[in-house]
Amino acid sequence: MTIDLNSVRTRYIAERPLFVALATRVETQLRDRLTRGGVVCRVEARAKEVHSLLVKSIARKKTYDEIGDKAGARVVLMYPDDREQACTTIRQAFPNCVEDDRTRPSDHRQFDYSGWHFDAVIDQDGKELPCEIQLHTPGESLWASLVHDLVYKDDAAPYEHKRDAHRLRALTELFDLEATRLRKGLGELHMANERAVLRSLLKYYLPLAPRPGRTDVSLRVIEALLPKAVVTLGQGFDSSVGEFVDQKREKLTRLYSADPERAPAFLFQPESLLMFMMLDADPTSVADAWPPAYAGQLAMDLATLWGVQAVDPDELGN
Amino acid sequence: MKPDISALTVDQVIVHEVTSGNEGEEGSSAVLSEVVDDPGAEVREFYRFKVMNSLTEVGRAIQFRQETTSPVPELVRGLFDDQALLLENSQACARHLADCQVSGAISPGLLCASIGTLAKSPAITIVKLEIEEGIQLRRGRKQGKRSLTMLNVKDLMLSDNTRVFKAAMFYRSGRTVRGIVSDHQVPRTSIRGVARFFVDQFLGAELEELPEVTTGRYYEAALDFANSQTDPEKRYRYDAAMHTDLLSNATSVAPVAFARKYIDQEDRTAFFKVLEERNIDKAGFDKDVARIEAQIRKRRLEFKSGLQLVGPTKSFDEHVEHTKKAVTVRDEVVRVGQK
């Protein structure tokens, strides 16, 4: 079969802006939905470059229409055990997509490329266009980005190199499993309540401010605030974070759209949401419980930002 | 009721100087900016944060007086109608400030004015600052060697520690122009005295609600809060605390400080909610007990049995004890029978 490269080039140059717009839209949609669902992840999307499409057409002997990843998105999870939640979210976002689960090789002795793919057909300015979404765990992503292009596609690579590559895949699978075990262990044992509160906060905070902050700082602040938060906001207050966000969405959106370079230091920590909830109910609550390890000014700045009278925790001698 | 000050934005800001006049000259004069020179986003954000902080901490709701000799109300209204007048109208404000200074009411300093928004409405701020001195670190090289020297900055305007300034913000609420004013030059317990000149004479404004009205409303709200308690001991204790607070020498009421001192942690949310429902500023207001003087000097308790105990607040403090189950009066009966 002969492929007319000139016509592939001409057609793609004409259609590429549509794929660029599609990739941007899919990226935004995925990021928004996944973070809203409490999935911490990195999302990137792109429209294939013209030269890259041509090379793929030549290497794989594919016609223009047979190349499905002109627009593609990749989701890399922070935690491997979030995959199920991420799959559900992607299915909901693109209901008619075709799934390809490449995480379970038919031969259990095999350690090879792994990932979950979704082929979606999406309307972009009146045209039905294909877009491929790849979902990877951190281990899968690491292996794919390092080895996949380096060795995997090169059939002529020496046996030793191929063996090295597949040995690495076993290692990255172990990494994912250990990361999952660690997370589960931490969640059940060490600062379990604080982690549960942080998860509730992240679910609503990330769609407003896609910056997860420093988890160790978050846990320390939540640990200090938690007893007062329970008194001020009531038991089970973490289930009412959504309600608070809905009530104050306009204000929160405005505050979290601040320039990070000039914003108060703790604004882009997820626990800022908890602090806003507490300040809104009782302006004294945060100052009373503020951890002495952090300057009181950090809490006062958020009080000012929220528009309530700032009580200086340092003056209280916490 | 104060609006959500956190929604303030500052789009343009201008500075004028009001000096105490040259030596040998009488009165003062204004050194006016002749252009609106954008200091950049970082400075505007710093200014916004300082103003927001001040208004949140000690801000009081104000409105323009119906009759005033101050040109500020008209200048502010004019600026709402045409923001291109920032230069011209802020210059006029500075000249007026210089005139006020001649009368000795206001000290020399700088006048800053900004235009921006509060939520989606236009907002204007007017800030009076005093020039401060500070030491700045200057890094340099001398004869090829690193040198760190101290530089005395004589015209420092606004620093993290600046507390000597007065700020006013005006915004539109429907067709009405409303405002908030704060003053860090007087103790936090009072906005009277010096501030009155700034508010009355310079801004041509007055407090939106008479302090005696606000204090009366607060008294009612705090009584309702105390009565809403299911624990009789708390009812007693919160009522006692409120009477003590209102009878103190403080010239303002500070509900946040009051709550921290007297209200149990688990009841504070409810306390602030009552204040919010009654449009009472949690940050504080000027105290004037004129309308409730008689009420706060006496306390009155009603018991489940139908008994009532009425008497001077001071006597309650000295002779009545309250626990969860009992009220004990330690005193002598001096008279019986109907009067």
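Where is D82(A) found? Some notes on that and the rest of the model follow.

1. First, the ground rules. This is a predicted model, where local features need pLDDT of at least 70, side-chain atom pairs count only at pLDDT 80 or more, and totals for chains, interfaces and linings use all residues. Residues are numbered from 1 along each chain as its sequence is written, chains are lettered from A and ligands numbered from 1 in the order in which they are written, and side-chain values use heavy atoms, with hydrogens and water left out.

2. Back to the opening question: D82(A) sits in the loop between β2 and α3 of chain A. Helices (H or I, at least four residues) and strands (E, at least two) are DSSP runs, numbered from the N terminus. D82(A) has 10% relative accessibility and counts as buried; the cut-offs are under 20% relative accessible area for buried, over 50% for exposed and partly exposed in between, with a 1.4 Å probe and protein chains only. Setting aside neighbours within four places in sequence, D82(A) is in contact (heavy atoms within 4.5 Å) with G38(A), V39(A), V40(A), L77(A) and R183(A).

3. Two loop residues of chain A are worth a look for their backbone. K61(A), in the loop between α2 and β2, has a phi near 55°. D125(A), in the loop between β4 and β5, has a phi near 50°. Most residues other than glycine have a negative phi. Both count as exposed, K61(A) at 58% relative accessibility and D125(A) at 62%.

4. Q92(A) is part of helix α3 of chain A and is exposed, with a relative accessible area of 52%. Its C-alpha is 9.2 Å from that of R33(A), which is 59 residues away along the chain.

5. Now the largest pocket, which holds about 1,400 Å³ of space. A pocket here is an open set of points on a 1 Å grid over the protein atoms alone, where a 1.4 Å probe fits, with protein on both sides within 12 Å along at least five of seven lines; lining residues have an atom within 4 Å of a point. Grid points are joined across faces, edges and corners, and the volume is the space filled by probe spheres set on the points. The lining has 50 residues, and R102(A), Y113(A), H117(A), Q134(A) and H136(A) lie nearest the centre.

6. Who lines that pocket? The largest share, 6 residues, comes from α4(A). Elements of chain A supplying at least two residues each include β1 (41-47), β4 (116-124), β5 (127-136) and α5 (159-188). By class, the lining has 22 charged, 14 polar and 14 nonpolar residues; Ala, Val, Leu, Ile, Met, Phe, Trp, Tyr, Cys and Pro count as nonpolar, Asp, Glu, Lys and Arg as charged, and the others, Gly among them, as polar.

7. Chain A has 12 helices and 5 strands, and 47% of its 318 residues count as buried. Chain B has 10 helices and 16 strands, with 45% of its 339 residues buried.
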